[in-house]
Amino acid sequence: MRRAGRIEAIGVATLIVALAVAAIFIAGRFDLTAWPATLRDYWLLIFAQATLHSSTSVARRHRRAVANWPESWLAAAPLPSASVRLAHAIDSFTTLVVQYLPACFLLLAIAAAGRNLHAAKIPLIALTVGCVAGSIVAWRWPGRHRHETREASRYTPSMAATESALQPSDRALSHWPIARAISTGRPENARLLFLFVTLFAMQSGISALEGLVVLLLWTLAGYLVSLLIAVVSVANEAARWLRSTPLRWMGFALPLVRRALLHQAIGTTIAAAGTVATGVSWLQALSVSGLWLILVIVTSSVASLLSYRP
Amino acid sequence: MTERVLEVTGLHAKHGRHPVLRGVDLHVAKGEWFCLLGPNGVGKSTLLNCITGRMRVDTGQVSVCGHSMLAQPVEAKRWLGTACAPEQLPGLLTGRQCLELYAAAKGLASIDIELTQIAAQLCFTPFMDRCVDTYSLGTRQKLAVLLALLGDPALIVLDEAFNGLDPASAMTLKRLLRVRLSDLRCAVLLATHSLDIVEHHADTAALMLDGRVARQWNHTEIAGLRSLGNDGIEAALAAAAGSMSR
């Protein structure tokens, strides 16, 4: 169990290091120091996005904390209600704080690099006010417990019932990361994207077509990132489950990454075409796509290698 | 002498720095139903994890059908059938996908029609095309058992596999295992708290205490305990545990 946890930690650490290297590479290739000034013009968008994200994130965690409390091992203990509320608050807000602080740090760091700290002021205020407003609303009105109890498999592509005889096949191993990625990004959350793109179009005055391209790229990027994370987590889970079988590494790694790599290649090609349509040069689109695919291949290989043990 | 399917000698294993197994010795012969008993936390599941290659051992030997689990893990695992814990089954796959993938991982060329019949006897067929995360505990347990029976393994390792099974399915499974054992097709190693299974089905039972096999009863001794009445085995276990703790 400890080893499995260690492998999982190594896998996640590998992914983070790979993403950090990619971020440094991209930052080095493209000058980002003008970003804070650009973001200043999009303060309403930042505010709206921060409000939406914080309200949905805090509300979901608050609902889950309240729903899970009766099953807690401390539920029958005579704890003061203030302590229980504090525990729920920590549970509900921690993730948002962990996301908010690095975002602020990143913004300040980029502004400092451009020797223009003043440019970060308005985006920071918009981000902070949005997060605080969304959190207050979500804490006060967390809504009803609706989607959290649904099984994850409800979101995976449905399997038609079949009468055919059972045949040994590794297709399920290829299907597994796709199912995990789709079930992680629950489609009911996608409605927020439409609001986002509407706001984007409103503030920047872009056309509906450009807005749709941005929406497509956003959705695609979300799917590709979830798919990469899914490959890492499924590699761990599948290796643990199949450890008592005489499966060899190639027989494990190839089916695991086969379909996910195909999806990544197709998705990256579409994303590259989409970015070119929004005005980015072919060269930039190709270099970012190539970098992403290298990251995917390296991360998937390392994850399968670290998870597998004969 | 009947062929030995499993041999464990001087097995030591740790969870982190905490030693769990402190020199386990046991062997299981073909056609033998071996029950592993003991209080919670004495190392029964750890021992099964070491035998099935899920966990690394510190020192000692595990040999399955003559193949060392340490030196030749792939060869040793070819002879194994393991029922994993129900919560380890992949929730996003269907029962059919689990069986097909597990069969491929075991390197089987085909899945025997007998397995489909067993699935029908365990009333699992209607759940075959549903995802595992919609299953109840009992249904997951049935799938875990079906996975263990794939490919006619020489050693079937079950960790409390009767937990959550309804009485009819439990009876069907016991009967199926008995038939395979009497045909000398396999050996069964079962960790359990159910004394009923020990009393009526076990050929050998071992009591584990503090990471070691503290006491072992053979078929004749179990029959003797059975003749003492309802509490025979329970009293023998308590006496063995008591003598160890003194």
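**Exercise 1. List the residues that Leu147(B) touches, leaving out those up to four places away in sequence.**

Solution. Step 1: two residues are in contact if their C-beta atoms, placed from the backbone, lie within 7 Å. Step 2: by this test Leu147(B) touches Ala83(B), Cys98(B), Leu99(B) and Tyr102(B). Step 3: the model is predicted, so local features need pLDDT of at least 70 and side-chain atom pairs count only at pLDDT 80 or more, while totals for chains, interfaces and linings use all residues. Residues are numbered from 1 along each chain as its sequence is written, and chains are lettered from A and ligands numbered from 1 in the order in which they are written.

**Exercise 2. Describe the packing of H3(B) and H5(B).**

Solution. Step 1: helices (H or I, at least four residues) and strands (E, at least two) are DSSP runs, numbered from the N terminus. H5(B) covers residues 137–149. Step 2: two packed helices are described by the angle between their axes and the distance between the axes. The axes are lines fitted to C-alpha atoms, for helices over the stretch in contact, and angles run from 0 to 180 degrees between N-to-C directions. Step 3: H3(B) and H5(B) pack at an angle of about 20°, with their axes 10 Å apart. H3(B) is therefore roughly parallel to H5(B); the classes are roughly parallel under 35 degrees, roughly antiparallel over 145, roughly perpendicular from 65 to 115, and oblique for the rest. Step 4: the crossing of H3(B) past H5(B) is right-handed (near helix turned clockwise from the far one; left-handed if anticlockwise, by less than a right angle). Step 5: H3(B) contributes Gly95(B), Cys98(B), Leu99(B) and Tyr102(B) to the contact, and H5(B) contributes Leu143(B), Leu146(B) and Leu147(B). These residues divide into 6 nonpolar, 1 polar and no charged. Ala, Val, Leu, Ile, Met, Phe, Trp, Tyr, Cys and Pro count as nonpolar, Asp, Glu, Lys and Arg as charged, and the others, Gly among them, as polar.

**Exercise 3. Is Leu93(B) buried or exposed, and which residues does it touch?**

Solution. Step 1: Leu93(B) lies in the loop between strand E6 (80–83) and helix H3 (95–105) of chain B. Step 2: a residue is buried if 20 or more other C-beta atoms lie within 10 Å of its own, exposed if 12 or fewer, and partly exposed in between, with C-beta atoms placed from the backbone. Leu93(B) is buried because 25 other C-beta atoms lie within 10 Å. Step 3: leaving out residues up to four places away in sequence, Leu93(B) touches Ala172(A) and Trp176(A), as well as Cys98(B), Cys131(B) and Val132(B).

**Exercise 4. Characterise the side of chain A that touches chain B.**

Solution. Step 1: 30 residues of chain A are in contact with 38 residues of chain B. Step 2: helix H6 (171–184) and helix H8 (208–241) of chain A each supply at least two residues of that side. H6(A) gives the most, with 6 residues. Step 3: the residues on this side of chain A divide into 14 nonpolar, 8 polar and 8 charged.

**Exercise 5. Which members of the largest nonpolar core touch the most other members?**

Solution. Step 1: a nonpolar core is a set of buried Ala, Val, Leu, Ile, Met, Phe, Trp, Tyr and Cys residues joined through C-beta atoms within 7 Å. Step 2: of its 120 residues, Val231(A), Leu147(B), Leu155(B), Val188(B) and Leu189(B) touch the most other members. Step 3: H8(A) gives the most to this core, with 12 residues.
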